[in-house]
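Biologist: I would like to go through a model feature by feature. Please give the general idea each time, then the case at hand.

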Amino acid sequence: MGLSSGRPAGRPPVVDMESWQSARDELLVREKAHTREGDAIAAARRRLPMVEIDGSAEVTGPVGSVPFLSLFEGRDRLVVYQHMWHDGAPHQGQCEGCTTTAWHLHDATYLNAHGVSLAILTTGSWEEVHPFIAFMEYRRVPWYSAREAPAPIGGDMGYLASFLRAGDRVFLTYRTTGRGNERVNFSMGLLDLTPYGRGEDWEDVPDGWPGSRHACWSWRTDAQGAPTWGETSRPLPQWARPGAAPVTTLGRRERH
């Protein structure tokens with residue numbers, strides 16, 4: 001059966017190539033303006049003032065306690081992701097949103113080439129964090145427990161943060177959270193290129209488009225791949241890990 005013109009239910013309209021190119025060129029003008037505005041925001045970000053922090057504050061990693069300054073690995077810039085943690089919870093009970101972000105931070109090769117180091121911090125104890133990162137097979141980006149470190153190294157998690165080193169002095173230059181973390185999540189950017197987008201209820205979509213799901217709908221699934229936040233769920237990337245068996249509890253403690 002051939003495609004007809006117009007807008008089939010749940011699909012974009014069907015047009016000829018010339019009409020498509022005209023609409024695409026019109027949108028490209030807006031996309032370029034968006035890119036230039038992003039460049040201007042980045043320029044303003046580079047001009048933000050800095051806050052000096054204590055680079056000697058200790059974090060704990062594979063070789064024990066080390067000063068935060070060592071995370072720069074001799075480079076002058078450091079980006080960290082601050083991963084939330086549920087004390088005492090098994091792997092499936094750890095933060096699903098932070099798992100989504102950390103999963104997209106597997107490798108720092110290009111950052112290192114630009115003189116930037118990358119690390120992941122969490123407030124979990126190293127005794128709990130170490131087996132978690134082994135289970136997730138995170139090998140190329142170092143993790144550290146910042147449980148005893150003061151903010152902004154420790155403290156509130158769920159942030160991307162940028163630091164600058166000048167000798168032995170360390171400065172916080174930028175920090176973002178929420179949708180600001182999407183800059184490292186290429187999956188969201190690719191979904192935004194597709195006709196149905198992310199399928200989330202906040203999106204502006206044409207009538208009849210699939211969607212209307214919570215913004216976090218894809219973060220957890222059960223063993224059959226059905227989205228759920230119930231006791232049988234794991235953060236989505238965990239199902240690909242060796243030994244990721246079906247579960248019956250998230251094992252999280254109540255927070256007061």
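Modeller: Start with the second largest pocket: helix 1, strand 4 (77–83), helix 3 (109–113), strand 5, strand 7 (159–166) and strand 8 (169–177) each supply at least two residues of its lining. Helices (H or I, at least four residues) and strands (E, at least two) are DSSP runs, numbered from the N terminus. This is a predicted model, in which local features need pLDDT of at least 70 and side-chain atom pairs count only at pLDDT 80 or more, while totals for chains, interfaces and linings use all residues. Residues are numbered from 1 along each chain as its sequence is written, and side-chain values use heavy atoms, with hydrogens and water left out.

Biologist: What counts as a pocket, and which strand gives the most to the lining of the second largest pocket?

Modeller: On a 1 Å grid over the protein atoms alone, a pocket is an open set of points where a 1.4 Å probe fits, with protein on both sides within 12 Å along at least five of seven lines; lining residues have an atom within 4 Å of a point. Here strand 7 gives the most, with 5 residues. The lining has 27 residues, and V79, L111, V116, S162 and R183 are the closest to the centre. By class, 16 are nonpolar, 6 polar and 5 charged; Ala, Val, Leu, Ile, Met, Phe, Trp, Tyr, Cys and Pro count as nonpolar, Asp, Glu, Lys and Arg as charged, and the others, Gly among them, as polar.

Biologist: How is a volume defined, and what are the volumes of the largest pocket and the second largest pocket?

Modeller: Grid points are joined across faces, edges and corners, and a volume is the space filled by probe spheres set on the points. That gives about 1600 Å³ for the largest pocket and about 840 Å³ for the second largest pocket. Helix 1 (17–46) supplies the largest share of the lining of the largest pocket, 12 residues. Among its 35 lining residues, L27, E31, H34, D192 and L193 lie nearest the centre.

Biologist: D192 also has a charged partner. What is a salt bridge, and how many does the structure hold?

Modeller: Side chains of opposite charge can pair when their charged atoms come close. The criterion is a side-chain nitrogen of Lys or Arg within 4 Å of a carboxyl oxygen of Asp or Glu. The structure holds 13 salt bridges. R198 and D192 meet in one of them, at 2.9 Å from N to O. Through shared partners, R179, E182, D192 and R198 join into one network.

Biologist: Is R198 buried or exposed?

Modeller: Buried means under 20% relative accessible area, exposed over 50%, and partly exposed in between (1.4 Å probe, protein chains only). R198 is buried, because its relative accessibility is 6%; D192, at 42%, is partly exposed.

Biologist: Which residue forms a salt bridge with E137?

Modeller: R241, with the closest N and O atoms 2.5 Å apart. R241 lies in the segment after strand 10 (234–235) and E137 in the loop between helix 4 and strand 6, 104 residues apart. E137 has a positive phi of about 60 degrees although it is not a glycine.

Biologist: Where is there a cis peptide bond?

Modeller: Between A151 and P152, with omega about 5 degrees. P152 lies in the loop between strand 6 (143–145) and strand 7.
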